[in-house]
Amino acid sequence: MLIVMKFGGTSVGSAERISQVAQLATASAAPGHRVVVVTSAMSGVTNLLIEAAGGASRGRWDPQVRQQLFERHAAVAGAIVAETGRRSAVLEEIDRRLDRFEKLCFGLSMVHELTPRLLDAISGTGEMLAAPLVAAAVAARGTASSAVDATELIVTTDQFGGAEPIMDATRARTGARLQPLLARGEIPVVTGFIGATADGVLTTLGRGGSDYSASILGAALDADEIWIWTDVDGVMTANPADVPEARTLAEISYSEASELAYYGAKVLHYKTIVPAFRQRIPVRILNSFNPTHPGTRVSVEGDASALGVKAVTAIRGVSLIAISGTGMQGIVARAFDVVADQQSNVLMISQASSENNICFVISTVEAPRVVRALRTALEVDLARGHIEEIASQPVAVVAAVGDRMRGTPGIAATVFGALGHAGINVTAISQGSSERNISLVVDEADAAKAVRALHQAFRLDRAPQAI
Ligand code: ADP
Ligand code: ASP
Ligand code: MG
């Protein structure tokens with residue numbers, strides 16, 4: 001069996017955690033399986049890199065950051081690599097990568113212009129620092145291992161900050177580079193999060209994108225399974241940080257996993273499922289802090305016996321854009337052209353049947369730009385009073401998700417009953433025609449309360465009722 005396994009930031013957050021990763025990878029390979037490890041940056045490192053880039057672009061490059069990063073990674077190398085030769089090779093590698101980082105930041109502090117391309121070059125450094133440490137930890141357990149930069153494997157578009165893989169090229173490069181290592185019984189350790197354009201410019205797949213890397217590599221290698229090792233016992237009925245009584249879902253379908261990830265379950269990057277699904281590769285979500293827990297398995301069927309709502313999610317950091325007026329005929333199409341031009345991703349749309357009001361949800365980061373573009377494009381309609389207002393307001397989207405919500409009566413009533421009872425005002429609602437999801441717009445401050453209310457109303461703390 002070929003397994004591609006990804007470890008998240010907290011799973012590689014310290015020397016102790018990285019030793020545990022090496023133990024899990026070698027133990028998985030022991031029965032004769034081939035294993036590819038994909039690693040995230042150590043926890044907190046990507047944020048630090050992004051902050052450093054922001055500071056440098058404002059002319060404030062702090063050389064302390066390089067030192068701080070060196071010390072954190074060098075301390076791990078010291079703790080996990082006993083053999084002096086390998087340790088100094090790892091330290092040199094880390095130093096070289098930090099040199100590159102420092103030069104980029106220094107240049108940035110001169111030119112003061114942080115382009116998406118430069119931000120990717122800087123923010124992708126964290127995985128490039130972690131991979132040599134993880135490979136050294138695997139080698140220290142007696143299995144040959146080398147760190148491989150995904151820039152050699154994953155060929156992407158040039159959408160910096162959210163690049164998409166070009167699968168044919170990725171498949172060719174990944175096979176050529178990794179299969180010989182696997183054939184020799186090595187465990188390659190690949191950097192998550194990053195790729196490169198066909199001409200070699202570093203790109204990132206978006207925040208949290210190492211999950212996506214694992215799925216892309218799993219598909220490129222025709223892996224038998226993709227394992228996502230994280231810090232919770234799999235995909236749960238809600239974020240356990242919001243709902244302490246949330247329960248692990250033992251089995252979910254690809255569509256449920258996708259829907260949950262898309263609607264805010266950070267445990268999976270929202271694009272992760274796509275490459276795995278295309279090839280029907282089973283995905284497991286496992287806890288590196290509790291490795292004997294079976295976690296969640298994502299498969300075609302999911303758990304066909306569980307009815308109704310399976311899980312509740314929340315997306316924060318989004319804004320509701322509302323366009324209202326009495327002469328709105330024909331406005332909808334034009335408004336969405338503007339949104340598409342701005343390359344903004346719409347998470348949810350809702351329209352009153354009178355056509356007097358159309359509202360949609362986008363990321364808060366994009367909201368000011370989209371509102372400006374809408375006001376410009378619809379200037380005449382605003383001046384003539386056909387449109388009264390184009391407003392933007394920070395909100396949260398709460399979603400109830402489950403394959404078998406379809407045909408289960410009374411779900412909407414339970415949702416509204418629960419929110420009403422909890423005193424939560426719902427600004428807009430939307431239900432996809434797949435009936436796999438009901439999403440609601442609520443005040444940002446009410447998000448956790450709404451998730452708890454729905455979790456309780458659907459009794460998700462209890463094992464599902466069989467039919
Ligand atoms: P990693 O660093 O391993 O990629 P993340 O922080 O990206 O980990 O994702 C794991 C976190 O996702 C969990 O700690 C949990 O707080 C959050 N989370 C949100 N929704 C869910 C859910 N439905 N099930 C499990 N975890 C969830
Ligand atoms: N290190 C990257 C991030 O923090 C990617 C990941 O962890 O998945 O966004
Ligand atoms: Mg993650």
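Mentor: Let's start with a term: a polar contact is a pair of N or O atoms within 3.5 Å; within protein, one must be able to donate a hydrogen and the other to accept it, and residues adjacent in sequence count only if both atoms are side-chain atoms. This is a predicted model, where local features need pLDDT of at least 70, side-chain atom pairs count only at pLDDT 80 or more, and totals for chains, interfaces and linings use all residues. Residues are numbered from 1 along each chain as its sequence is written, ligands are numbered from 1 in the order in which they are written, and side-chain values use heavy atoms, without hydrogens and water.

Trainee: What makes serine 210 a polar contact of ligand 2?

Mentor: A backbone N or O atom of serine 210 lies 3.0 Å from an oxygen atom of ligand 2, and the cut-off is within 3.5 Å, so the pair counts. Arginine 207 uses a polar side-chain atom at 2.7 Å, and glycine 209 a backbone N or O atom at 3.4 Å. The protein covers 86% of the 260 Å² of accessible area that ligand 2 has on its own (Shrake-Rupley method, 1.4 Å probe).

Trainee: Why is the link between aspartate 381 and arginine 334 called a salt bridge?

Mentor: The term asks for a side-chain nitrogen of Lys or Arg within 4 Å of a carboxyl oxygen of Asp or Glu. Here the N to O distance is 2.7 Å, so the pair qualifies. Aspartate 381 lies in helix H13 and arginine 334 in helix H11, so the bridge ties together parts 47 residues apart in sequence (helices are DSSP runs of H or I, at least four residues).

Trainee: How do you know whether aspartate 381 is buried or exposed?

Mentor: Buried means under 20% relative accessible area, exposed over 50%, and partly exposed in between (1.4 Å probe, protein chains only). Aspartate 381 has 10%, so aspartate 381 counts as buried, whereas arginine 334, at 36%, is partly exposed.

Trainee: And which salt bridge does lysine 271 form?

Mentor: Lysine 271 pairs with glutamate 164, the closest N and O atoms being 2.7 Å apart. The two are 107 residues apart. Lysine 271, at 14%, counts as buried, and glutamate 164, at 24%, as partly exposed.
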